[in-house]
Amino acid sequence: MTLLTSSLLLISLLTSRLEAIPVLDKSPAHPSPGVRILRAPESLVAPLGDEVVLECETSLQPERFEWSHRTGKSPGAAFKYLRTGNAKANVSQEAAISRLRLLVRPDTLGEYRCIGWFGPLVVTSTTARLELASTRLVGGQDAEPSLQWRVTAGNSVLWPCGQQVQSNPAASWSYYRNRVEIKAEFAGTNGNLFLSNVSAESSGSYSCQATNPASGERIQLAASLQLQVTSAQRSQSSSPHWLKGQPKSQMVTGREGSSLLLLCPGVGSPPPTVVWSSPDVVGAVKNNRSKVFGHALEISDIRVEDAGTYICFQDNGVRPALEHYIQVRVERPPQIVRPPWANLTNEGERLQLECEATGVPTPEIYWLLNGHSSIDDTEAELSNNLLILHSVQKRHAGYVQCFARNSLGEHSAGTLLQVNPKQIQEPRESGGTHRPKPNQGPKQKQMFPPSPPNVTRLTDESVMLRWMVPRNDGWPIVIFKVQYRMMGKRKSWQTTNDNIPYGKPKWNSEMGKSFTASVTDLKPQHTYRFRILAVYSNNDNKESNTSAKFYLQPGAALDPMPVPELLEIEEHSETAVVLHWSLASDADERLITGYYAYYRPSSSAGEYFKATIEGAQARSFKIAPLETATIYEFKLQSFSAVSASEFSALKQGRTQRPRTITTEEPTLQPGDRDTTTPSHNETFSMSPMLTGTICGGAVLILLLISTCLCVCRRKSSRGRGNNQNKPRLAELREDFVPLGNCSPSKQRQRTRHIHITLNPLAQQQQQAMEEKNDSDQDVAYYQRQSSYDYDPGLRRMSSSSLRRSQRTLERAAGSNGSSNGNNNNLNQSAEVGPVDNPGKPGRVLMKRPRLSSRSENLSSGSLNSVGV
């Protein structure tokens, strides 16, 4: 992809309201309805020279994969994109899986990330570490080369032979007695040889060996133990005590969910009894996860609550008793419990995102904005677990990720940030009208296109589009058309059949006016792009920018959305109602972007009208304008960036009835009644009879007069029906209907005119024709409604078509003048009054040429019509 193409894609995305799919790492705290990292690369430990493979998988196939690398471990260190194809790094891709093959070298060690590109949006995986396998000795000078212990039979012996070994990964241990390997009693002793209930057969020379499981490197420790076990009868009594080289306190660390083994050193004569307790952990020993084996305490499935001090108390009856303290530390991998969440944000506003995580050690939080570190952003500020954007810019639009990391790993979550760009308005001069600059004509109106549509999945075969027209003073929009294209080779744009009307020229928000439309008959598991075509009142059209790529997922792969419940339909006014709804108590508002409201008259079986309600916190919405005193049925559904919920139950409501204005009569006391004037009730009872009689007589008289006039005019018309100079209008009969049955008979009576948006040329031509034919006999017709896709106000007739129609009628009049045509034909096609001047044809309305194709309806230019 070239740099120019990438820049155009990014600009089209950032200057609009995003409706790309949200991309979240999978976590129980925040379910992921859209594209996510299914499998992040895992950290590896390998020896020098080995070849390792890091794998990354996304839920959908991205446009491309990339990998980045850094050598440091600090979150502030910069990642660099890998140049693949060389000897040390090679990237391959198979559908939604990417593999990075590496040769382990000093310059390839460090941290790696997998990056998936979905258009201009970026989803980044958690970090995987590549470390070199190593095993080494530490503190060798303090270690005793050889220990000699003499203990009484029946004691338990703990020899910490592996304290001087540091291995990555953790070493596996082998123990030997008299150079013969023996089996350890407990697994996971981490280099501690434990011998319980020793006897005379346990005497001998002991040694140990560490092995690195990754590299296979072995270290034979020089330290050894000479153990002599004596009979209890020959031993003198002694209190519990530690042997030389045994630790007097311990620090043991375990990972949450694993098993932990605590070993207690100390011997005595007779052998002491061991009791385990903890002042910090309630029920540390008496629970179903703890088992006591004398000098050993095993805790399975350890938890963070198990951390604290454990005491091993040894007593054999000889004072003093012995107490051994063990500090237990339980580590937990990082887990984001409160992911960030962002709604639609206006450009220039301040935005604060919160990300809360748990873990031991306490995780460190850092942020990525579309794959770029927030540290490099001049508008970003980090404050504990908060990301503050002092002024949101277009470049911030996209996917914002929060990462929590500690020594055990990383966890991430994110949110889709939509930025509503500022509307740039040209400054005007104050104190009067705007004056154009010299040598500059008046400012022409512009066609402001709608915003790119936001796409939401409705079903497996349909989506919902939402777009907005910003506030402007340009050409008014008449209708919209929706176009879509399936992504693939040589796929063309398709246009839906529906015309979406613009409606009344009112802005329903400060930003402009929003619209909604659905697109059906799509194919699931395919990727589409959408755009909106606006048709303006000047007969021209303009397209919006295309939407981001939208993959239509099957419903089985998506988590269900919370379904709103309609509570009440409030009668707000004669033309409006207010919907009230609620969500279930266990519904997660963070999954919701807004709501769709559907409504139609209950007596209708047609399609529903739609309205969009932005914001998950909305619980009421006014719908207007509606018909007065009409019952409507309503239903709701919630939606997110990629899916919509099931419909709520239908609920009916109605608008208010018209209010009747009544005038109250003054209340009179019985003694104050004026007996000379009839009461209100008396007058009311007399008025209907009198009014009906007068109106009925007037109607009969008018009918008689009209009948006589029509009969006289028809007789006069038949007597003059042989005028041969009248044009033949039978061919125009199919497109025109006579104004009335009786035509005017006087020449000075004027004809009715129908004017439809004349352009200046058509007006001049019409005025000339009227002056020429002012003395002619006029015949008025109504034109039948022609089939036209758009608003009737756009119908026009061009001046050239008008002149051609006029010449056709003149030739028709000439042919009638030279031959004896059938005058009855004329009377059948239209009833026309007498013509005083037989040399001139009667003036009629010209037939408008029909638009030949749909493309002409959308073409630029002006179509004009003329009324006569």
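## Disulfides, strands and a surface patch

Asn178 is partly exposed, with 48% relative accessible area. Here buried means under 20% relative accessible area, exposed means over 50%, and partly exposed lies in between (1.4 Å probe, protein chains only). Asn178 sits in the loop between β15 (172-177) and β16 (180-182). Ser203 is 25 residues away from Asn178 in sequence, and their C-alpha atoms are 9.5 Å apart in space.

The model is predicted: local features need pLDDT of at least 70, side-chain atom pairs count only at pLDDT 80 or more, and totals for chains, interfaces and linings use all residues. Residues are numbered from 1 along each chain as its sequence is written, and side-chain values use heavy atoms, with hydrogens and water left out.

Strands and helices are DSSP runs, numbered from the N terminus: helices are H or I with at least four residues, strands are E with at least two.

### Disulfides

The structure holds three disulfides. A disulfide is a pair of cysteine sulfur atoms within 2.5 Å.

| Pair | S to S | Torsion about S-S |
|---|---|---|
| Cys56 and Cys114 | 2.2 Å | about -80 degrees |
| Cys264 and Cys312 | 1.8 Å | about -85 degrees |
| Cys355 and Cys402 | 1.9 Å | -80 degrees |

Take Cys56 and Cys114. The torsion about their S-S bond is about -80 degrees, so this disulfide is left-handed. Cys56 lies in strand β3 (residues 51-58) and Cys114 in strand β8 (residues 110-118), so the pair ties together parts that are 58 residues apart in sequence. Cys56 is buried at 0% relative accessible area. Cys114 is buried too, with a relative accessible area of 0%.

Next come Cys264 and Cys312. Their S-S torsion is about -85 degrees, so the link is left-handed. Cys264 is in the loop between β23 (260-263) and β24 (267-269), while Cys312 is in strand β28 (residues 308-315), so the pair ties together parts 48 residues apart in sequence. Both Cys264 and Cys312 are buried.

The remaining pair is Cys355 and Cys402. Their link is left-handed, with -80 degrees about the S-S bond. This pair links distant parts of the chain, 47 residues apart: Cys355 is in the loop between β31 (351-354) and β32 (356-360), and Cys402 is in strand β37. Cys355 is buried, with a relative accessible area of 0%. Cys402 is buried, also with a relative accessible area of 0%.

Two further cysteines deserve a line. Cys161 is buried at 2% relative accessible area. Cys208 counts as buried at 0% relative accessibility.

Two strands pair if DSSP finds at least two bridges between them. A hairpin of two residues joins β37 to β38. Asn406 stands opposite Gly409 in β38.

Is β38 enclosed or open? Eight of the nine residues of strand β38 (residues 409-417) are buried, so β38 is largely enclosed by the rest of the structure. In a regular strand the side chains alternate between the two faces of the sheet.

### A four-strand open sheet

What is the strand order in the open sheet of four strands? The order is β52-β51-β54-β55, with antiparallel pairing. β52 (609-614) and β55 (651-654) stand at the edges, each with a single partner strand, so one side of each is left without a neighbour in the sheet. Neighbouring strands of this sheet are turned by 30 degrees against each other on average, direction ignored. The axes behind such angles are lines fitted to C-alpha atoms, for helices over the stretch in contact, and angles run from 0 to 180 degrees between N-to-C directions.

Strand β54 (residues 631-639) pairs with β55 in the antiparallel sense over four bridges. Tyr632 stands opposite Gly653 in β55.

### A nonpolar patch

Val699, Leu700 and Leu703 make a nonpolar surface patch of about 300 Å². Patches use residues with over 30% relative accessible area and no salt bridge; like charges are joined within 9 Å, and nonpolar side chains (Val, Leu, Ile, Met, Phe, Trp, Tyr) within 5 Å. A salt bridge is a side-chain nitrogen of Lys or Arg within 4 Å of a carboxyl oxygen of Asp or Glu. Accessible areas come from the Shrake-Rupley method with a 1.4 Å probe; for residues, only the protein chains shown count as cover.

Val699 is found in helix α2 (residues 680-719). Val699 counts as partly exposed, at 47% relative accessibility.
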